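Here is a short briefing to read alongside the model. It covers a strand pairing and then some charged side-chain contacts.

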Amino acid sequence: MPESTSAHTAFRRNETDAASVRSAVLDLVATIGERIRRRGQVARKVTLTVELAGGASVLRTRTLLAASGHTEDLRSAAYRILDGMTLQRAGSGGSS
């Protein structure tokens, strides 16, 4: 079985609405949680990668308090990561 799994989503435009971002993260976490439970696995860490306007990426990892396959544990870790990131609005006049 694979040692890691990932899920990806992309917004059609630069997203600055926190509720939309959190909703997308919840969808991803639910997908991952279902996938690892189906395999009989658990997660030890959650990593969130956010691609910013301009192409730069921010990657953060959080170790779970206990290995888990529960969506709520994964969601909590992902939201803590997200809350710790500073998402900036794309500035006007930047390169396209």
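Strand 1 (residues 43-51) and strand 2 (residues 57-68) run antiparallel and are joined by 8 bridges. Strands pair here if DSSP finds at least two bridges between them, and the elements are DSSP runs numbered from the N terminus (helices: H or I, at least four residues; strands: E, at least two). This is a predicted model, in which local features need pLDDT of at least 70 and side-chain atom pairs pLDDT 80 or more, while totals for chains, interfaces and linings use all residues. Residues are numbered from 1 along each chain as its sequence is written, and side-chain values use heavy atoms, leaving out hydrogens and water.

**The hairpin**
- Lysine 45 sits opposite threonine 63 of strand 2, and threonine 47 has threonine 61 as its bridge partner in that strand.
- Between the two strands of the hairpin lie 5 residues, and glycine 54 takes a positive phi near 95°.

**Salt bridges**
- The whole structure holds 4 salt bridges (a side-chain nitrogen of Lys or Arg within 4 Å of a carboxyl oxygen of Asp or Glu).
- In helix 2 (residues 71-84), arginine 75 and glutamate 72 are 3 residues apart, about one turn, and their closest N and O atoms are 2.3 Å apart in a salt bridge.
- Glutamate 34 and arginine 38 form a salt bridge at 3.5 Å, N to O; they are 4 residues apart in helix 1 (residues 18-38), about one helical turn.

**Accessibility**
- Arginine 38 is exposed at 61% relative accessible area, and glutamate 34 is partly exposed at 47% (buried is under 20%, exposed over 50%, partly exposed in between; 1.4 Å probe, protein chains only).
- Arginine 75 is partly exposed at 21%, as is glutamate 72 at 46%.
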